[in-house]
Amino acid sequence: MQVRDIPNLLTGIRILLVVPLIYALLEENYLLALWVIFVAGISDGLDGLLAKHYHWQSRLGSILDPLADKLLLISSFIMLAWLDHLPYWLMLLALGRDLAIVLGGISYHFFIGPFEMEPVPLSKLNTLCQVLLVMAVIIAQLPGLDILQLTDWLIYLVALTTILSGMQYIWHWGGRAWRLNRTQKTNAESRRRRPQSTNHG
């Protein structure tokens, strides 16, 4: 292990935090769940800061970092829906969007070409809204705290950004695939039309 691997190590720790987060929610220990999310947030910010400041970015990190975020959010959504703190339709909407993005990425890789993991702008907003919703729902379960009205607003905001970001992914990557495919067809047609040289020697 090298020093430049520290960001990936922190990301790996964040992935492992999925287990205590699920345990805390299963036990309805919302204070512990909040602490787990807090530690995950600190590690997320720290690994991003180190990677950018010291130029320790890597291909593995670009894959693991969003994967860690998604695993934590998906686990939270599933558990909170199972505990009746989030509507099932919202959980299914979020899972459906992520599944569509993954399948789209796999299809693009095999049928179009390699691509870099780059979230569209609305996806970043959607992730932020999901994080705020999870934290708001968990905080609402703590004694003496009533922020249910805020969670209701966040539920619809998450639903809206989930739909819009999914549409933006389709527009962005679908358009890129169409343009690349069109370019490849044009190049292939140009090669077919190019007169072949003959050797009379």
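A cavity is a set of points, on a 1 Å grid over the protein atoms alone, where a 1.4 Å probe fits but cannot get out. Grid points are joined across faces, edges and corners, and a volume is the space filled by probe spheres set on the points. The structure holds 1 cavity of 30 Å³ or more. This is a predicted model, in which local features need pLDDT of at least 70 and side-chain atom pairs count only at pLDDT 80 or more, while totals for chains, interfaces and linings use all residues. Residues are numbered from 1 along each chain as its sequence is written, and side-chain values use heavy atoms, with hydrogens and water left out.

The largest cavity has a volume of about 50 Å³. Its lining (residues with an atom within 4 Å of a point) consists of Lys70, Leu73, Ile74, Phe77, Met91, Ala94, Leu95, Asp98 and Gln130. Helices here are DSSP runs of H or I with at least four residues, numbered from the N terminus. By type, the lining has 6 nonpolar, 1 polar and 2 charged residues; Ala, Val, Leu, Ile, Met, Phe, Trp, Tyr, Cys and Pro count as nonpolar, Asp, Glu, Lys and Arg as charged, and the others, Gly among them, as polar.

Helix α4 also packs against α6 (residues 121-140). The angle between α4 and α6 is about 45 degrees, with the axes 11 Å apart; axes are lines fitted to C-alpha atoms over the stretch in contact, and angles run from 0 to 180 degrees between N-to-C directions. The pair is therefore oblique, given that angles under 35 degrees count as roughly parallel, over 145 as roughly antiparallel, 65 to 115 as roughly perpendicular and the rest as oblique. In contact (heavy atoms within 4.5 Å) are Lys70, Leu73, Ser76, Phe77 and Leu80 of α4 with Thr127, Gln130, Val131, Leu133, Val134, Val137 and Ile138 of α6. These residues divide into 8 nonpolar, 3 polar and 1 charged.

Another partner of α4 is helix α1 (residues 6-16), at an angle of about 20 degrees and with axes 9 Å apart. That angle makes α1 roughly parallel to α4. From α1, Asn8, Thr11, Arg14 and Ile15 meet Leu60, Gly61, Leu64, Asp65, Ala68, Asp69, Leu71 and Leu72 in α4. This contact has 6 nonpolar, 3 polar and 3 charged residues.

Helix α6 packs with helix α3 (residues 30-53) as well, at about 155 degrees and with axes 9 Å apart. The two are therefore roughly antiparallel. Tyr30, Ala33, Leu34 and Ile37 in α3 meet Val134, Met135, Ile138 and Ile139 in α6. The contact of α3 with α6 consists of 8 nonpolar residues, with no polar and no charged ones.

Terms used. 1 Å grid on protein atoms, 1.4 Å probe; cavity = no way out; pocket = protein on both sides within 12 Å on 5 of 7 lines; lining within 4 Å.
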